[in-house]
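Dear colleague,

I am handing over the structure that you will find just below. Please look through it first, and then read the notes that follow.

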Amino acid sequence: MDWKKLQNIDRRIIYILLILATVIPMINPIGIPVSVGASAQKFYNFMDAIPAGDKVLFSMDFAASGAPDIVPEAKAVMQHLMDKGVKVVAIAFWDNGPMFADQLMKTYEDQGFEYGVDFANLGYIPGGETAIKRFGEDVVGSVSKDFRNNSVSSLPIMEGIKDTRDFAAVIDFAAGNPGTDEWIRQVQGTLGINFFVACATVSVPQAMPFVNSGQITALLGGMRGAAEYETAMGKPGGAVAKMDAQSLGHLLIIAFIAIGNIAFFMDKKQAR
Amino acid sequence: MNISDSIWVWIGALGTIAIFSFVFKENPVYRFCEHLYVGSAAGYAISVNLKSIVDSAWTPITQEGKIVLIIPVIFGLLLYARFFKNIAWLSRWPMSFLVGVGSGLAIYGVVNSQLIAQVRASLLPLTSVNNVVMVIGLLSILLYFFFSMEHTGGVKHAASVGRWIMMVTFGVSFGNVVMSRISLLLGTMETILGKWLGLIAL
């Protein structure tokens, strides 16, 4: 057998198999069960305990490249909070962030929720770490107009908000920097806010030490985290539907790694 | 099958397929879409940043009488002095200010939140397997990067444990990268199969 050939499979074959492994279960779901991890359950429990009328801050720190991982998390948490009557204020330290916040809120506007009362999109503040510190300590003082050009201080939802401690929780939807590190360095460490992170899967290892130290109260990791949150809510949605495809994609990658290694060792054996 | 009648969904879906065509071979359609994406992303960034300048500087100065904001505006403009040879040195003033403020903020934050808090979180009682693994991992990796003594005997073995633990950590990171990339693929497939072709529920 030509083991060398198996070590150099044409990338087009790999891509086609990967697309088939993800497309087929998306059209015909298998229904692999999703279990809820401890961190997602803690995240859900905290959000579930927030009384109606309280406010939660979403920091939308990601761009289009992180959206497939993070938007499902934001959708799941937003749905939970809206169902409970908790108000949501969004801010962004990435310039793409307000666009995703706007898309998220439009869905609920169509359902009768009111902009400025039930949620608001404060837009984007440039300046990275410095901007996060300023916003953390003086919310209304650091942003004068929202994404829709309304005066921020005139929005009913901003009543009683001085600094980020006035939010029941701050959730950073993060794909990199500025994001989790800066929030922890400049706001969580000094003001002691209830800080949560919903990040791209690739960022989970960097965030885990902060979960262990308690600086992050709970973490949702990527689409899997979104699926766990939907399951905890008892409302399986888009993220749960994609878990079959994700699992089959992983199995395929594992198979390719195994084939590559078997071929490598067999080739070595044959050469002897 | 319920194909979308929105032109924007069609543009998004066809653009995605054009970008995927790179998998087979680089081609003019791929290059066109790549440039279109870079251009539109730059245009969006410029418009959002301009809005930020108008909201946080122009409007407060011209309509709310916050004249003091002229100082940061002048500092900001001085950054562009570097494009003019004879006054390029002026750009060092705002740069020095930015570096000073940035360093001051970062040093306090890093020491307080990323060093002291992390060290405190690592001082764990050895009462569970998790804690034992965590403490052994931490100490052995620190020893691996301790170059003030020769890595022989017991130190060599302990450092080697640290190396193995790092390898496992890299494996975990790679696993997360794979998972993240498949999520990206699923996101684009959702656009094509759901929003565009209407084959799956959104």
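Which side chain does A:D102 meet in a salt bridge? The side chain of A:D102 meets that of A:K106, with 3.5 Å from N to O, where a salt bridge is a side-chain nitrogen of Lys or Arg within 4 Å of a carboxyl oxygen of Asp or Glu. Both residues lie in helix α5 of chain A, four residues apart, about one turn of the helix; helices (H or I, at least four residues) and strands (E, at least two) are DSSP runs, numbered from the N terminus. Over all chains, the count by this rule comes to 16 salt bridges.

Before going further, please note that this is a predicted model, in which local features need pLDDT of at least 70 and side-chain atom pairs count only at pLDDT 80 or more, while totals for chains, interfaces and linings use all residues. Residues are numbered from 1 along each chain as its sequence is written, chains are lettered from A and ligands numbered from 1 in the order in which they are written, and side-chain values use heavy atoms, with hydrogens and water left out.

Next comes the interface. Chain A gives 52 residues to the contact and chain B gives 42 residues, contact meaning heavy atoms within 4.5 Å. Between them the two chains bury about 4100 Å², of which 67% is on carbon and sulfur atoms; this buried area is the accessible area (1.4 Å probe) that two parts lose on being put together, summed over both. One salt bridge is counted between chain A and chain B, and it is formed by A:K242 with B:E190, whose closest N and O atoms are 2.8 Å apart. On the side of chain A that touches chain B, the largest share, ten residues, comes from α2(A). The residues of that side divide into 24 nonpolar, 16 polar and twelve charged, where Ala, Val, Leu, Ile, Met, Phe, Trp, Tyr, Cys and Pro count as nonpolar, Asp, Glu, Lys and Arg as charged, and the others, Gly among them, as polar.

The second largest pocket is lined by 46 residues, and A:P126, A:G127, B:S52, B:S56 and B:P72 are those that lie nearest its centre. (On a 1 Å grid over the protein atoms alone, a pocket is an open set of points where a 1.4 Å probe fits, with protein on both sides within 12 Å along at least five of seven lines, and lining residues have an atom within 4 Å of a point.) With ten residues, α2(B) gives the most to this lining, which by class has 27 nonpolar, eleven polar and eight charged residues.

Two backbone details in chain A remain. A cis peptide bond, with omega about -5°, joins A:N177 and A:P178, and A:P178 lies in the loop between β4 and α8 of chain A. A:N149, although not a glycine, has a positive phi of about 70°, and A:N149 is found in the loop between α7 and β4 of chain A.

With best wishes
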